[in-house]
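Subject: Structure handover

Hello,

Here is the structure for you to look over. My notes follow below it.

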Amino acid sequence: MGDCTCRVLRSLILCLLFLLQGANGDNPYRFFTWKVTYGDIYPLGVKQKGILINGQFPGPHIDAITNDNVIISVYNYLKEPFLISWNGIQQRRNSWQDGVYGTNCPILPGRNFTYVMQVKDQIGSYFYFPSVGLQKAAGGFGGIRIWSRPLIPVPFPPPAGDFMVLAGDWFKTDHNRLRLLLDVGHNLPFPDGLLINGRGWNGYTFTVDPGKTYRFRISNVGITTSINFRIQGHKMKLVEVEGSHTLQNTYDALDIHLGQSYSVLVTADQQPQDYYVVVSSRFTPRVLTTTAVLHYSNSRRGVSGPVPAGPPNHVAWSLSQARSIRWNLTASGPRPNPQGSYHYGMIKTSRTIMLANSAPIINGKQRYAVNGVSFVPADTPLKLADHFNIAGVFNLGSMPTSPNSGSGYLQTSVMSTNFREYVEIVFQNWENTVQSWHIDGYSFFVMGMDGGQWTPASRSRYNLRDTVARCTTQVYPKSWTAIYMALDNVGMWNIRSEDWARQYLGQQFYMRVYTNSNSYRDELPIPKNTLLCGRARGRRTRPL
Ligand SMILES: *[C@@H]1O[C@H](CO)[C@@H](O)[C@H](O)[C@H]1NC(C)=O
Ligand SMILES: *[C@@H]1O[C@H](CO)[C@@H](O)[C@H](O)[C@H]1NC(C)=O
């Protein structure tokens, strides 16, 4: 519904329109119209005000083929400003469409905005979510599948079915109340439960035919906790991680940190009955568990037996699993190609950026920070301030590139980087909780992770050969994770904690990737339909 290619005249006219705006006209267009409303939902048995897209919770999936142009008109019927962001969609040359507060003005109540984007050079599993406040705790999220072109094989036979699994923690409390708790300096309460595709205990059923193999694309769309995913009596063959085709290792249980996406193949090769699909929280003081049902179409028995327990609750298990996830170098599919060399490990990095998370009290309130800086949004999206040269919104270089020893301060922090740099970023976690970091606009190489303090000697244990490229990585308690990243996408990009309370209370910043070329080959022009707000109000998005 609402999804069509350029066949009818109306679409043709729209195509021409968007062609003129700079989207890629050689590739098909897919149009979506989304109405965003409140609606009653009962995921944990009590009535809540959810955020629905076209009446659905979770929202509709986006299916696109790599390089398609995806045009999404979003109508905001909520009583609050709204924006959607696209977790893992790289928005090449186009941070104008990223849908976070630093790049876009929120869509005001009763208004609409049309995202015009191209899902270029990526194939894999991602999701979208509402980025304003704590709206993500009310729904408004959905899965994104980017398929390979027809006849271009992926490194496994076509599965008999392709299931989305959007899982994560859930609160019975209204999202605006949760936000208020954070605003006055409290922490979020412990989550009330976990959901699988918007449903609680045994509320969702995946139906399979005996003997056939299915793809499950699992994303952690939660707010505060890592999860573990497993299917009673079945093995899972890992095939994809956020656009990287992996070595096809087999797992009984898979840890999925906040904001991460994985694809596994599961063969219905057991006795014809129903089995538990289990999601449980990881590294939480109390383990939350929920289940869905894997239903064999010839099943003669409902789910039975104990719900299979999760893996040992220690970091070593999880770390060892993380290290086993590697690239399949012989598999087809788009491969990141930094500086024209497929050998990401052989390229010299131009500098090392170290990012340490912390939880300072600032002005008597709990905040979260990176390198001592706790991000506060400006009155104007940073991308627009940059484009229109509006002074006083942010300062370049206001984000330090190494940890400081001070106590923490508030700042609209922007890190200054140059197009085509090849950087090493070390996430250093001195806190006692698992962190999850996401970088918009990019896919990065996870070079290594380990306990303790990172030092240059840690590089000797990097995977220089076959690590995966992804957009979200975990950092274990009192540990580090190091990544390499080719800064090949000009724009203003959000780097954030995927723990939503931390993100909301300042554990994020923007990275400005800059070139002075002024060429549309490096960055698309400002879209004519750009919403203008704050000090950008009244500016022109069209040439005179
Ligand atoms: C969508 O927004 C544009 C301008 O922002 C406005 O002109 C148009 O009427 C809106 N459409 C609807 C159906 O609200
Ligand atoms: C890598 O991908 C190829 C298909 O291109 C597949 O045949 C092979 O089994 C995969 N290797 C591993 C170790 O997963």
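A disulfide here is a pair of cysteine sulfur atoms within 2.5 Å. This is a predicted model: local features need pLDDT of at least 70, side-chain atom pairs count only at pLDDT 80 or more, and totals for chains, interfaces and linings use all residues. Residues are numbered from 1 along each chain as its sequence is written, chains are lettered from A and ligands numbered from 1 in the order in which they are written, and side-chain values use heavy atoms, with hydrogens and water left out.

**Disulfide**

A search of the whole structure finds 1 disulfide. The bond links Cys105 and Cys533, with S to S at 2.1 Å. The torsion about the S-S bond of Cys105 and Cys533 is about -90°, so the disulfide is left-handed. Cys105 sits in the loop between β5 (84-87) and β6, and Cys533 in the segment after β36 (508-514), so the pair ties together parts 428 residues apart in sequence. Strands (E, at least two residues) and helices (H or I, at least four) are DSSP runs, numbered from the N terminus. Cys105 and Cys533 are both buried, meaning under 20% relative accessible area with a 1.4 Å probe and protein chains only; exposed is over 50%, partly exposed in between. Cys471 also counts as buried, at 4% relative accessibility.

**Sheet**

One open sheet has 4 strands in the order β2-β1-β4-β6, with mixed pairing. Two strands pair if DSSP finds at least two bridges between them. β2 (48-53) and β6 (112-118) are the edges; each has a single partner strand, so one side of each lacks a neighbour in the sheet. Strand β4 (residues 69-76) runs antiparallel to β6, joined by 7 bridges. Ile71 stands opposite Val116 in β6.

**Domains**

UniProt, in an unreviewed entry, places "domain: Plastocyanin-like" at residues 36-149, 162-299 and 379-517. Such annotations may be inferred rather than shown by experiment. Residues 162-299 are 7% helix and 50% strand, with end C-alpha atoms 20 Å apart. For residues 379-517 the values are 8% helix, 43% strand and 28 Å.

**Cores**

A nonpolar core is a set of buried Ala, Val, Leu, Ile, Met, Phe, Trp, Tyr and Cys residues joined through side-chain atoms within 4.5 Å. The largest has 32 residues; among the members touching the most others are Phe206, Phe216, Leu254 and Val264. Leaving aside neighbours within four places in sequence, Val264 is in contact (heavy atoms within 4.5 Å) with residues including Tyr214, Phe216, Met236 and Leu254. A second, separate core of 29 residues includes Leu319, Ile353, Phe419 and Phe427.

Best wishes
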